[in-house]
Amino acid sequence: DSVSSAAMQSVFDLVFANNEQEFRHTLKRCCYILVNNWDATRHFKPIQDLVQIFSDPACKNLTNSTTLKRVRIWINNFVQSKDFEELRLFASRYDRGSGPWASRYTSYLLVPQYTNHNNPIEQREAARALSRQLKDRFKFDLAMYIAKSQSSSGIESPPNNPTALGDQVLRLIKVIVAKKGPFSYFNLANIFINQTQNIDYRQFKRSLQTYLMFSVVNQTFAETLKTKLQSKLEELYVSHHDDLITDALILRTCNRVIDYLTTENQVEPSPLFILLLSQGNPVTLVIVLLKIILVSKNSRTHLEGRIAELIRYYQNYPEDECAWVVNFLEVFNVTFTIHAENVQYNLVRMDSQGSDLPPIQFDPDTYRIFSQLKEVSWLSEQQDSLDLAITDDNELPPEDPQAL
């Protein structure tokens with residue numbers, strides 16, 4: 001009853017014109033305008049209510065009105081479409097601990113929405129904002145879990161674990177954080193970047209393979225990666241082999257390597273993804289992906305989009321049937337929260353006996369983890385907007401990242 005006559009007339013103009021595409025586009029924009037406004041004022045419950053409205057049985061009632069029948073058919077078509085599946089993600093913030101297993105990775109499923117320029121600007125803004133909120137919430141929950149699980153109160157009242165890895169997540173984090181000093185992933189990336197200045201593109205691709213396989217312990221994994229990746233890279237952008245390496249070529253090459261390691265056709269997992277996970281611990285593959293992002297920070301959005309496509313491919317499988325993929329996603333989520341967010345994790349050795357002697361083997365049980373907030377660089381804040389310009393696979397982007 002509160003709808004103005006002018007708005008109602010506009011709806012019927014679309015109906016009388018029999019323009020379902022424009023009707024759906026208008027409906028989407030209206031939904032995301034509401035989502036953005038409610039989110040800005042921290043009114044989250046109406047977003048859930050908005051999604052529920054489309055389940056109203058009245059939308060399926062029979063009617064003799066030709067106009068109303070057309071509207072209901074269009075609405076039902078919208079509910080059965082990918083557009084509505086994307087809208088439902090905005091009610092997923094209420095699915096903590098419930099819903100299908102894929103809902104735990106909504107922050108990644110939202111990435112294709114805000115990188116797709118065909119979506120309304122309101123939808124892209126809403127998707128970007130919610131994805132950031134969900135990542136921040138996971139980052140906070142993980143830090144709180146680490147702090148509480150190592151305290152005396154955590155023994156009496158176990159804290160909520162935001163991962164599906166169980167108590168093993170603490171050991172995983174310690175192993176990841178332990179990679180410090182001159183051979184830390186960050187330092188190795190900086191060394192690689194400095195050593196590949198002013199070389200030709202052919203030599204860069206060879207150096208990239210060496211860098212990605214450096215310190216890979218699993219020899220079977222390393223040999224498979226070397227063989228498969230070498231054949232792919234040899235055929236990549238051959239017309240630029242004699243050109244000096246540029247930021248644009250680095251970005252484009254890293255994006256292609258990410259495709260080889262995740263999904264090449266953006267529908268199903270790549271053969272290399274399945275092969276590598278079948279040959280070793282998911283941590284190894286995740287670290288290779290991390291090393292790519294440390295060299296090309298602007299490739300992170302591209303990587304998260306490919307992770308979203310993997311999730312969509314497996315989301316209809318029961319969790320126990322694709323447990324190996326879920327395990328990979330959990331390790332990926334934790335690793336990138338540690339290394340690519342604005343929280344710094346440090347290890348402190350708790351046993352004083354023998355601390356002056358170098359340990360023969362790293363023992364996670366003798367260390368505790370501490371976290372602190374660190375400054376966010378301009379580049380990490382801007383990486384998404386830079387990546388959005390990279391949409392055409394048939395030509396290289398401008399050499400100057402600022403031009404993007």
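**Charged pairs and ring pairs in a predicted model**

Arg300 is buried, with a relative accessible area of 6%. The cut-off for buried is under 20%, so Arg300 falls inside that class. The structure is a predicted model.

- Arg300 has a salt-bridge partner, Glu304, and their closest N and O atoms are 3.0 Å apart.
- Both residues belong to helix H17. Four residues separate Arg300 from Glu304, which is about one turn of the helix.
- Is Glu304 buried or exposed? Glu304 counts as buried, at 2% relative accessibility.
- Elsewhere, salt bridges with shared partners connect Glu20, Arg24, Lys28 and Asp83 in one network.

**Other salt bridges**

- How many salt bridges does a search of the whole structure find? The search finds 17.
- One of them joins the side chains of Glu319 and Arg104, at 3.0 Å from N to O.
- This pair links distant parts of the chain, as Glu319 and Arg104 are 215 residues apart. Glu319 is in the loop between helix H17 (300–314) and helix H18 (323–339). Arg104 is in the loop between helix H5 (82–88) and helix H6 (106–109).
- Glu319 is partly exposed, at 32% relative accessibility. Arg104 is also partly exposed, at 35%.
- Another salt bridge brings together the side chains of Asp136 and Lys139, at 3.3 Å from N to O.
- Asp136 and Lys139 sit three residues apart in helix H8 (residues 121–149), so about one helical turn separates them.
- Asp136 is partly exposed, with a relative accessible area of 31%, whereas Lys139 is buried, at 11%. The line between these classes is drawn at 20%, so Lys139 counts as buried.

**Aromatic pairs**

- The structure contains 20 aromatic pairs.
- In one of them, the ring centres of Trp101 and Tyr105 are 6.2 Å apart, and the planes meet at 70°. An angle over 60 degrees counts as edge-to-face, so that is the class of this pair.
- Trp101 counts as buried, at 6% relative accessibility. Tyr105 is buried too, with a relative accessible area of 1%.
- Phe273 and Phe328 make an edge-to-face pair, with 5.3 Å from centre to centre and 80° between the planes.
- Which parts does this pair tie together? Phe273 lies in helix H15 (residues 271–278) and Phe328 in helix H18, so the pair joins parts 55 residues apart in sequence.
- Phe273 and Phe328 are both buried.
- Phe273 and Phe328 also belong to a cluster linked by ring pairs.

**A charge over a ring**

- Where does the charged end of Lys291 sit? It sits over the ring of Tyr211, 5.2 Å from the ring's centre.

- Asn36 is part of helix H2 (residues 20–40).
- Asn36 has a relative accessible area of 19%. That value is under the 20% cut-off, so Asn36 counts as buried.
- A polar atom of the Asn36 side chain lies 2.9 Å from the backbone oxygen of Glu122.
- Setting aside neighbours within four places in sequence, Asn36 is in contact with Glu122, Glu125 and Ala126.

Methods: Residues numbered from 1 in each chain as written. Heavy atoms only, no water. Salt bridge = Lys/Arg side-chain N within 4 Å of Asp/Glu carboxyl O. Helix = DSSP H or I, 4+ residues; strand = E, 2+ residues; numbered from the N terminus. Buried < 20%, exposed > 50% of the residue type's maximum accessible area, 1.4 Å probe, protein only. Phe/Tyr/Trp six-rings, centres within 6.5 Å; stacked < 30°, edge-to-face > 60°. Lys NZ or Arg CZ within 6 Å of the ring centre and 35° of its normal. Polar contact = N/O pair within 3.5 Å; in protein donor to acceptor, adjacent residues only side chain to side chain. Contact = heavy atoms within 4.5 Å.
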